[in-house]
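Here are some friendly notes to read alongside the coordinates.

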Amino acid sequence: MAVSPLSGAAAIVGIGATEFSKKSGRSELQLACEAVTAALADAGIDPGEVDGLTTFTMETNGEILVARNCGLGELKFFSRVGYGGGAACASVQQAAMAVATGVAEVVVVYRAFNERSGMRFGTGQHDRPMDSTADRAAYAWLTPQGLATPAQWVAMFARRYMHQYGATSEDFGRVAVVARKHAANNPAAWFYGKPITLEDHQNSRWIAEPLHLLDCCQETDGGQALVVVSAERARKLSSAPALIKGAAQGSGKDQHMMASYYRPDITGIPEMGLVGRQLYAQAGLSPDDVDAAILYDHFTPLVLPQLEELGFCAPGEAAAFIADGNLEIGGRLPSNTHGGQVGEAYLHGVNGIAEAVRLIRGTSTNQPEGVENVLVTAGTAVPTSGLILGAA
């Protein structure tokens, strides 16, 4: 039985996306509007009924611009969540809370960018103008040491994890191999029809040791949107709803942006553990009740501690858990069945939430049997968030 009034009060009833490309040839606003329009059509809801929008602080498309260009009505609720990919599930949490409290009736979550043909996040800090903000001052502790890009920040974490638990580059590579296997069967994925082997992974060039190229997520142009309504209304729609059984945010003690190197132990992701504990408590579930997972895989090494923090295996045991085939379709925890950000697209994790909805609907291109509860995580090594979606 659920112990939170939020659990089961709202549902995702519509998902919509553009194609995922490396050069969209369209403005980010057009991508956002295409995704929003597609999600509303999937839900069977008229744009004029939308009265709420949620997105990321990094989103370049203002709510009023999206509303005007999509033919939305008056907006009674709009919010943004920070910390890059850590906002993915939190944006849904905001929508669910608005709907559950009666602040809004139809809330759309959206994220769109030309992240490959436009501003590339992988370039990090080195080409950004200097300023006097507190955030920039925090990065000043890293950049003089040559730690300027996300891959370099994660490489430090990965090296320590390898030292403490004996994990290897091959263990990280197995995450990529499974994701690409799933992407190869997903027509929407950029790497559709292009699986890789562990040898391919090992032979890919170094980005920042111990990270190979195939340990890193893609850079993608595209848009993704989700429609959230009350569970009561969801039951009246034709599309199968994905109930939001749990929705949580978390920031750990002494949290830094992808560089929490000053904690006593830097091999875990305590903020993800905090998210997991909230999710299970809200939904009245345990790890044993989770049938599949969408794990944020911007860099493969960070998938391992997520499995540990969320209770699927003990600290240091994730490498063996993965090697035993548990992330495969027939494994204990089928994961990233869309191909993840490594194989499908990097849409800051919102495309992963859409895949979780497909898993609940039974329409994934890599559909496991008997899926009733799916756990979704947002960006790691930053203040983060998570969801548990379930069948109605």
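1. A definition to start with: two strands count as paired if DSSP finds at least two bridges between them. Please also keep in mind that this is a predicted model.

2. With that in hand, have a look at strand E7, residues 221-230. Strand E1 (residues 10-17) pairs with E7 in the antiparallel sense, over 7 bridges. Within this pairing, Gly 14 has Val 227 of E7 as its bridge partner. Strand E4 (residues 107-114) is also antiparallel to E7, and here the pairing runs over 8 bridges. Tyr 110 is the residue that stands opposite Ala 225 in E7.

3. How many of the 10 residues of E7 are buried? The count is 9, so the strand is largely enclosed by the rest of the structure.

4. Next comes helix H1, residues 28-43. Its 16 residues reach 23 Å from the first C-alpha to the last, close to the 22 Å expected at 1.5 Å a residue.

5. Which residues of H1 are buried? They are Leu 31, Ala 32, Cys 33, Ala 35, Val 36, Ala 39, Leu 40 and Ala 43. As a reminder, an α-helix has 3.6 residues a turn, so residues three or four places apart point the same way. The buried residues of H1 pack against E1, helix H2 (63-70), E4 and E7.

6. Leaving out residues up to four places away in sequence, Val 66 touches Leu 29, Ala 32, Cys 33, Val 36, Leu 53, Asn 61, Leu 72 and Tyr 110. Val 66 and Cys 33 are 33 residues apart along the chain, yet their C-alpha atoms are separated by 6.2 Å.

7. Now for the nonpolar cores. The largest has 50 residues, and those with the most contacts inside it are Leu 211, Leu 304, Leu 307, Phe 312 and Leu 375. Helices H5 (150-165), H6 (169-183), H9 (270-283), H10 (303-309) and H11 (318-323) each supply at least two residues of this core. H5 gives the most, with 8 residues. A second, separate core has 39 residues, including Ile 15, Val 107, Val 350 and Leu 359.

8. Finally, Phe 312. Not counting residues up to four places away in sequence, Phe 312 touches Tyr 280, Pro 287, Val 290, Leu 307, Phe 321, Arg 332, Leu 333 and Leu 375.

How values were computed: Residues numbered from 1 in each chain as written. Predicted model: local features only at pLDDT ≥ 70, side-chain atom pairs only at ≥ 80, totals over all residues. Heavy atoms only, no water. Buried < 20%, exposed > 50% of the residue type's maximum accessible area, 1.4 Å probe, protein only. Helix = DSSP H or I, 4+ residues; strand = E, 2+ residues; numbered from the N terminus. Expected span 1.5 Å × (residues − 1). Contact = heavy atoms within 4.5 Å. Core = buried A, V, L, I, M, F, W, Y, C linked by side-chain atoms within 4.5 Å.
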